[in-house]
Amino acid sequence: MISTTVTRRGMQVPRSHYFLTSLRTKPEALLRLIRQRWSIENEWHWPRDTQLHEDAHRYANRNGAPLFAFLRTVVM
């Protein structure tokens, strides 16, 4: 799959993505599965990380991470 990424300077850079799978399916169906996976990533993880800075947090105990993840889910 080939996609285009825009850099901070506004330049468009083409990128090739390669996928390994054991699925025996048509390329169109495989592309649909890949896009569904990335739609989950873009709709769920990206806002949590960019707006709520979820990946930047470090928790001292094991209870902190699930508790704050729950609170972030409620906020969203």
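How far apart are the mean positions of the 12 positive and 6 negative charges of the chain? I looked this up and found 5 Å. Lys and Arg count as positive, Asp and Glu as negative; His and the chain ends are not counted. I took the place of a charge as NZ of Lys, CZ of Arg, CG of Asp or CD of Glu.

**Ground rules.** I am working with a predicted model, where local features need pLDDT of at least 70, side-chain atom pairs count only at pLDDT 80 or more, and totals for chains, interfaces and linings use all residues. Residues are numbered from 1 along each chain as its sequence is written, and side-chain values use heavy atoms, with hydrogens and water left out.

**Overall layout.** I counted two helices and two strands in the chain. Their order from the N terminus is β-β-α-α. The radius of gyration is 17 Å, well over the 11 Å that the globule rule gives for 76 residues, so the chain is more spread out than a compact globule. That radius is taken over C-alpha atoms, and the rule is 2.2 Å times the number of residues to the power 0.38. Helices (H or I, at least four residues) and strands (E, at least two) are DSSP runs, numbered from the N terminus. Along its principal axes, the C-alpha trace spans about 45 × 40 × 20 Å.

**Surface.** I checked burial next. Of the 76 residues, 9% count as buried. Buried means under 20% relative accessible area, exposed over 50%, and partly exposed in between (1.4 Å probe, protein chains only). I then looked at contacts, meaning heavy atoms within 4.5 Å. Among those between residues at least 6 apart in sequence, 18% join residues at least 24 apart.

I turned to strand β1, residues 2-6. Of its five residues, the number buried is zero, so β1 lies largely in the open. β1 pairs with β2 (residues 12-16) in the antiparallel sense, over five bridges. Two strands pair if DSSP finds at least two bridges between them. I noted two partners in β2: Ile2 stands opposite Ser16, and Thr4 has Pro14 as its bridge partner. Five residues lie between the strands of this hairpin, where Gly10 takes a positive phi near 90 degrees.

**Helix α1.** Which residues does Asp49 contact, leaving aside its neighbours within four places in sequence? I found Glu54 and Asp55. Asp49 lies in helix α1 and is partly exposed, at 25% relative accessible area. I also looked up Ser39, in the same helix α1 (residues 27-52). Ser39 is partly exposed too, at 28% relative accessibility. Its C-alpha atom is separated by 23 Å from that of Pro66, 27 residues apart along the chain.
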